Amino acid sequence: MKLFNILLVCFFSFYMAGCAVQTDADQTNSPSDRPSSDKRYRKTLENLNPDGSNTLFGDLVFGGPKKQGEEIGTGASVNLFLWRASLEALALGPLESADPFGGVIITDWFTLDEEPGNQFRVTAYILGRSLRADNIKVAMYVRSTENGKVLTRRAATAAETRLENVILTKARTIRATEYR
Amino acid sequence: MEFKKTLMLSSAISAVALLAAQSASAAEAPKLKIGGYIETVAGVADTDKNSSKRTNGGTPTYGSGVTHDGEATLLQYGEINFSATGATDSGMKWRAYVELASDDSGNKNGADEVSLTLSGSWGSLDIGGQDGAADKMQTGHTSVDMLGGNTLGAIVYDRNQNGNKARMGDQTNVMENSDNSKLTYYTPRISGFQAGVSWYPRLSARGTLGDNESGAKGDSSGGFELGLSHRGSLAGGKYEVALVATHAAGDEVNASASAANGNRGEGRGIGVEYEHGAWMMGASYALNKNWRVNYTTQESWGVGVGYKLGKGQIAAYYLDQSDDRGSADAQNKLYNIQYGYNFGGGLTGAVGYYDGSQKNSTGGTSNNDFQLLLAKLVAKF
């Protein structure tokens, strides 16, 4: 029992230390959604066929947003959730173009009230049909004026990566909401 | 140049932060999902006990049924659940959940779980009757189990000796109060770590506030559950390790009387599961102290392994359990081997063989060895 209590304290300490680190992108798997211990064997059986349908009649869902497949339309090659998440994330700026078949969203130059001296432009690329981290790429540009000259620079990789994570988190949230 | 780089980074990050904040979801129309399961189980057992000795045996029955040594038995269990989900204007999600359960022995007919869940980036809060943090977060050898024999009462073997019962199951669970009304908070998972805490008040009956000082057995006397888990990757595989703890206050007014202790007790458990390719392994340990009938210390540990074969899996586990009841001790061992298969379209099945032994300190007729063959089909809708 004493050893267990020591382990508990160590575990909790590691957890508190981890609180300073960025939250994981995937927050959808809460223990609330997990089956109780006496029913977990059913989940083990379901997971043996991850690509197959796990219900007799499909999902019996009433109301809510209309369910769609993960691809947009017929012949499109991009993931629906990444597409919708990208549109929502980039809605702050005016859209210059959005191509659901090519999987490209481009904003026009836009200014933020908090950053009056800079203009931003974002291009999002959805590269595949599945909801995966490597199927979203973002290119961000920042335009500023220095000494009367307009300079356009590519934003730092860290900023682009953070925006990709924002889009991924939102895409997983959309999927979890509509496919619970 | 470094200053400019930093400036570019901070400006871009400000934009990212604002983009994320502005794109919070608006309120969504609620939707209702209906689902459930039906399970059919067939089994046959060979035990050392027979009905003339009025000792419950391992033939599949729910709860403490009668012995039917050598006979086959059929059991059914059904569950229908209703799940309504929605989101508020601020983006907070909610879910109302009602679960109706029924079996053909009459032990469960009606609402099994009723709860409301609120969730967001801050974590999730469960309110109502469903399993708590210790139950939901514990892991171990049962991660390879596909039969759930304990759930069906199939291998819950009650040894009657001088009025004391030794319950043997297939899990190393800490003692907790199942679906009694409680509040449970789960944190977000941060760098692989997640914590959960449950609290339930003193109840005279499930879901009813009342005076617990009557000392009636079965009272839920207030307490909490705690769970901590970590997930990560190791040597090309994934793992999860969890620590859980429970504490039930019991009736502290009359702590000396065993009946008045209600469900007083506490449990500690640790478990780990590891998945690498087609392999799945799990191990767990639990220590429970229960004042409910007589003071009992139950210590159990289990280890299991599974191997996936296409849409099927073969698995085996071993469970060791010891009960220390002061006047009578019991030592239980359980071996299991099983095979499960997912046919697709919502139909799954599993078949397994259990070999168990239960020895107590007084020996004689209270000992029991049993062998049990179980087969089940599960249809999910």
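The dialogue below takes up elements, cores and strand pairing in turn.

Reply: This is a predicted model, in which local features need pLDDT of at least 70, side-chain atom pairs count only at pLDDT 80 or more, and totals for chains, interfaces and linings use all residues. Residues are numbered from 1 along each chain as its sequence is written, while chains are lettered from A and ligands numbered from 1 in the order in which they are written.

Me: How many helices and strands are there in chain A?

Reply: Helices (H or I, at least four residues) and strands (E, at least two) are DSSP runs, numbered from the N terminus. Chain A has 4 helices and 7 strands, in the order α-α-β-α-β-β-β-β-β-β-α from the N terminus.

Me: Which residues touch the most other members of the largest nonpolar core?

Reply: In soluble globular proteins, nonpolar side chains tend to be buried together. A nonpolar core is a set of buried Ala, Val, Leu, Ile, Met, Phe, Trp, Tyr and Cys residues joined through C-beta atoms within 7 Å; buried denotes 20 or more other C-beta atoms within 10 Å of a residue's own, with C-beta atoms placed from the backbone. The largest such core has 26 residues, and those touching the most other members include Leu82(A), Ile136(A) and Ala171(A). Helix H4 (157–178) of chain A is one of the elements giving two or more residues, and H4(A) supplies the largest share, 7 residues.

Me: Which strand pairs with S13(B) over 12 bridges?

Reply: Two strands pair if DSSP finds at least two bridges between them. Strand S14 (residues 279–290) of chain B pairs with S13(B) in the antiparallel sense over 12 bridges, and Gly271(B) has Ser284(B) as its bridge partner. The hairpin of S13(B) and S14(B) has 2 residues between the strands, and Gly277(B) in the turn has a positive phi of about 60 degrees.

Definitions and conventions. A residue is buried if 20 or more other C-beta atoms lie within 10 Å of its own, exposed if 12 or fewer, and partly exposed in between; C-beta atoms are placed from the backbone.
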